[in-house]
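I am keeping short notes on what I look up in this structure. Each entry covers one place in the chain.

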Amino acid sequence: MAGNAWLRVHFPRLWFARRAIRRFMPGEDTEAALTAAASLESFGIGSVFTHLGENVTRIDEAADVAEHYLTLMDDLSRRELRSEISVKLTQLGLDLDPERAYGYLERLAEKASASGRTVWIDMEGSAYTERTIAFYERLRPDHPNTGLCLQAYLRRTSSDIRRLLPLGPAIRLVKGAYAEPAAIAFRSRHEVDESYLALTVLMLDAIRDGRRLRVALGTHDVGLVERAAAHASAHGSTKSVFEVHMLYGIRPDEQRRLAGAGYVIRTLIAYGTHWYPWYMRRLAERPANVWFVLRQLLP
Ligand code: FDA
């Protein structure tokens with residue numbers, strides 16, 4: 001459904017869908033996202049901003065996206081928020097003009113560096129994996145304030161981590177949100193979880209062995225986070241050796257509890273009007289969310 005063009009236009013117009021999306025988004029405009037970030041900071045939780053939209057069809061849309069993030073960083077500085085940003089390369093025009101998309105990414109990284117922020121690159125479907133990693137390899141040497149998302153469900157990810165280690169990278173590890181074929185991806189929940197843990201251990205061991213590496217566990221799977229912390233502590237590290245990133249509206253009480261327990265937590269705040277494909281992936285992760293949407297129809 002995330003790729004269905006008709007639904008993409010019509011679903012967001014339905015009142016009950018608009019009501020349901022409020023659970024995962026503080027609002028469609030920047031102001032709502034800024035207010036949410038300020039409130040999270042009062043609980044000791046940092047944030048990452050992502051302006052929703054992907055696969056733009058005209059290069060001037062990509063220019064607008066870049067402009068939006070540049071203005072956003074001024075707003076963040078004005079409000080003294082330590083928030084970071086996370087972008088999709090297809091939103092910056094990767095499909096239309098890769099060199100221009102790279103130029104936009106560099107501008108964002110330069111601006112972010114001036115206020116001590118990190119720019120994260122989201123990972124999209126597997127058609128983009130290699131190009132996204134290649135962009136990061138090109139960007140990282142001159143822009144150490146950049147990070148890349150990698151997906152534990154892809155069979156290739158352990159070799160991608162090893163490939164990136166010499167760059168001293170920042171890696172946000174997620175399970176993966178796209179429908180990928182079994183030839184390239186683990187499909188069962190158990191296999192994905194085992195892969196996630198093995199990759200986490202690979203990264204934590206690299207840090208223990210003296211590698212420079214920033215690790216963010218992008219997951220709501222608190223059991224996995226606790227297993228990662230147990231592994232770190234068995235090797236003499238504290239839990240702040242890694243960060244935990246979660247999505248706005250998902251397990252908010254766990255986010256606060258973990259922050260209180262000494263974990264470094266950031267919440268990814270998504271906002272903007274182009275929320276349809278992103279929202280469909282959130283529904284697919286947890287079918288109970290579909291009932292939540294339908295329940296909005298009830299008085
Ligand atoms: P899992 O799906 O096993 O969920 C663990 C528990 O968390 C569930 O039992 C449930 O309680 C809760 N939960 C999880 N998802 C929920 C939902 N939608 N609604 C309600 N409860 C839910 N993917 C990608 O392919 N590219 C990317 O760039 C990113 N970026 C990204 C950034 C950040 C900060 C996060 C947290 C996630 C992503 N993702 C992503 C999405 C990721 O790949 C994955 O689909 C989701 O995080 C869900 O997987 P979990 O790791 O939470 O585990």
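Entry one, Arg8. I looked up where Arg8 sits and found this residue in helix α1, which spans residues 5-10. The model is a predicted one, and I read the values below as computed from it. Leaving out residues up to four places away in sequence, I listed Ala2, Glu54, Tyr276 and Pro277 as the contacts of Arg8. I also checked Arg8 against Met280, 272 residues apart from it along the chain, and found 9.7 Å between the two C-alpha atoms.

Entry two, helix α6. I looked up which residues of α6 (residues 129-139) are buried, and wrote down Thr129, Thr132, Ile133, Phe135, Tyr136 and Leu139. Where do they lie around the axis? They are on the same side of α6, because the arc they cover is only 155°. Next I looked up what these buried residues pack against. The helices are α5 (98-114) and α7 (157-164). The strands are β3 (119-121), β4 (146-151) and β5 (170-174).

Entry three, a surface patch. I found a nonpolar patch on the surface made of Val290, Trp291 and Leu294. Together they have about 300 Å² of accessible area. I followed up Leu294, which belongs to helix α12 (residues 288-295). Leu294 has a relative accessibility of 37%, so I put it down as partly exposed.

Methods. Residues numbered from 1 in each chain as written. Predicted model: local features only at pLDDT ≥ 70, side-chain atom pairs only at ≥ 80, totals over all residues. Heavy atoms only, no water. Helix = DSSP H or I, 4+ residues; strand = E, 2+ residues; numbered from the N terminus. Contact = heavy atoms within 4.5 Å. Buried < 20%, exposed > 50% of the residue type's maximum accessible area, 1.4 Å probe, protein only. Arc of directions from axis to C-beta. Patch = residues over 30% accessible without salt bridge, like charges linked within 9 Å, V, L, I, M, F, W, Y side chains within 5 Å. Areas by Shrake-Rupley, 256 points an atom, 1.4 Å probe, with all protein chains shown as cover. Salt bridge = Lys/Arg side-chain N within 4 Å of Asp/Glu carboxyl O.
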